[in-house]
Amino acid sequence: MKKLAKNKVLCMQPVPKTLVSCRDKDGKNNALVVGFTANVSLDPAMVMVGIVPTRYSHHMVKESGCFVINLPKKGYEKEYNYLGSASGRDEDKFEKMNIQWKDAEYVNAPIMTDCPVSIECSVIESTMPGTHELFIGKVEAVHVDEEYLDEKGNILWDKMDLM
Ligand SMILES: Cc1cc2nc3c(=O)[nH]c(=O)nc-3n(C[C@H](O)[C@H](O)[C@H](O)COP(=O)(O)O)c2cc1C
């Protein structure tokens, strides 16, 4: 094994592919690709997303105090690549890509309905140790397509063809 220079280790891989959706105070929806995600707590359930302050989505999460984590399936590559490169500052990304969505139930943000899993979160705290502001979100609700649930309500992760 070879020891790399610290600056070569940008982040651990692989990371789950996630799309974080959010909404501004005027009701405009947006979403971006977030690789900096993590589980934080089981009970109460908490997760974390890291968003760079220069992203257009950053002020939306900051102001609304909430976000939704959506896990995309294979076949969603075109939308994923676009949402991870274009900025809501320049165009309406939902309109441009015809992103299918509905209102979340507990937070003021859109759920991306083509994704089999969506996790509604309220920000309980944030910290900025480096490049990304880490938003810790309390999980308010988890939505899963029924075909990926067993009779006890357990999520069948292996059955899901995630990206
Ligand atoms: C694979 C991948 C991972 C990314 N991870 C993050 C991330 O963790 N945090 C972040 O702020 N931006 C991340 N980005 C960049 C944003 O998704 C990208 O800059 C996006 O266009 C920002 O959109 P917005 O300006 O509409 O918010 C990632 C992009 C890609 C392709």
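This briefing describes the pockets, the nonpolar cores and the salt bridges of one structure. The model is predicted, so local features need pLDDT of at least 70 and side-chain atom pairs count only at pLDDT 80 or more, whereas totals for chains, interfaces and linings use all residues. Residues are numbered from 1 along each chain as its sequence is written, and side-chain values use heavy atoms, with hydrogens and water left out.

**Pockets**

- The largest pocket has a volume of about 900 Å³, where a pocket is, on a 1 Å grid over the protein atoms alone, an open set of points where a 1.4 Å probe fits, with protein on both sides within 12 Å along at least five of seven lines, and a volume is the space filled by probe spheres set on the points.
- Its lining consists of 34 residues, and P16, T37, A38, N39 and M48 lie nearest the centre; a lining residue has an atom within 4 Å of a point.
- Strand β3 gives the largest share of this lining, 4 residues, where a strand is a DSSP run of E with at least two residues and a helix is a run of H or I with at least four.
- The lining of the largest pocket divides into 25 nonpolar, 8 polar and 1 charged residues, with Ala, Val, Leu, Ile, Met, Phe, Trp, Tyr, Cys and Pro counted as nonpolar, Asp, Glu, Lys and Arg as charged, and the others, Gly among them, as polar.
- The second largest pocket holds about 320 Å³ of space, and of the 23 residues that line it, L32, V33, R55, L83 and G84 are the closest to its centre.

**Nonpolar cores**

- The largest nonpolar core has 21 residues, of which V20, V49, I51, F67 and I69 touch the most other members; such a core is a set of buried Ala, Val, Leu, Ile, Met, Phe, Trp, Tyr and Cys residues joined through side-chain atoms within 4.5 Å, and buried means under 20% relative accessible area, exposed over 50% and partly exposed in between, with a 1.4 Å probe and protein chains only.
- Apart from this core lies another of 12 residues, among them L19, Y76, Y82 and L83.

**Salt bridges**

- The structure holds 5 salt bridges, each a side-chain nitrogen of Lys or Arg within 4 Å of a carboxyl oxygen of Asp or Glu.
- In one of them D103 pairs with R23, the closest N and O atoms being 2.7 Å apart, and this pair links strand β6 with strand β1 across 80 residues.
- R23 is buried at 9% relative accessible area, whereas D103 is partly exposed at 45%.
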